[in-house]
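Subject: Structure handover

Hello,

Here is the structure I said I would pass on. My notes on what was found in it follow below.

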Amino acid sequence: MVSHDSRAELTQSGLNLIQQAISIFDADLRLVAWNSRYVQLFRYPADLMTVGQPIEALLRHNARRGLLGPPPAEEAIARRLQHLRSGQPHLHESAKGD
């Protein structure tokens, strides 16, 4: 039988093999898993990337860096959270200067 920690390590290792940025959140919108490309793409600090981190914290981090568009950031965060809670498929593309 594989332990929970071993399964998590295997999942994390497998995700890191994928070149696209990937993050997985549970039904409560808390971070479950991610790959290194996701961290690189958004330049998240290591202390933000923890299992159980609410997606709202990631959105707020991105808003502070201007990645959610022009202020007011609260509206952008609320829209994104509402969409995520709806469970509807969504595609969002953006370009960054780098």
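In which hand does α3 pass α4? The crossing is right-handed, meaning that the near helix is turned clockwise from the far one by less than a right angle.

Before the rest, the conditions. This is a predicted model, in which local features need pLDDT of at least 70 and side-chain atom pairs count only at pLDDT 80 or more, while totals for chains, interfaces and linings use all residues. Residues are numbered from 1 along each chain as its sequence is written, and side-chain values use heavy atoms, with hydrogens and water left out.

Helices and strands are DSSP runs (H or I, at least four residues, for helices; E, at least two, for strands), numbered from the N terminus.

Helices α3 and α4

The axes of α3 (residues 55–64) and α4 (residues 73–86) come within 10 Å and cross at roughly 145°. Axes here are lines fitted to C-alpha atoms over the stretch in contact, with angles from 0 to 180 degrees between N-to-C directions. On the α3 side the contact (heavy atoms within 4.5 Å) is made by Ile 55, Glu 56, Leu 59, Arg 60 and Ala 63. Ala 73, Glu 74, Ile 77, Arg 80, Leu 81 and Leu 84 make it from α4.

Ile 55, Leu 58, Leu 59, His 61, Asn 62 and Ala 63 of α3 are buried; buried means under 20% relative accessible area, exposed over 50% and partly exposed in between, with a 1.4 Å probe and protein chains only. Their cover includes β1 (23–25), α2 and α4. Just after α3, Gly 66 has a positive phi of about 80°.

Gln 53

Gln 53 sits in the loop between α2 (36–42) and α3. Its relative accessible area is 14%, so Gln 53 counts as buried. Among the residues that Gln 53 touches are Phe 25, Leu 29 and Asp 47.

Aromatic cluster

Tyr 38, Phe 42 and Tyr 44 form one aromatic cluster. Rings of Phe, Tyr and Trp (its six-membered ring) pair if their centres lie within 6.5 Å; planes under 30 degrees apart count as stacked, over 60 as edge-to-face and the rest as tilted. The Tyr 38 and Tyr 44 rings are tilted, because their planes are at 45°, with centres 5.4 Å apart. Phe 42 and Tyr 44 are stacked, at 5.5 Å centre to centre and 25° between the planes. Tyr 38 is buried at 9% and Tyr 44 at 6%, whereas Phe 42, at 22%, is partly exposed.

Regards

Key: Lists of a residue's contacts leave out its neighbours within four places in sequence.
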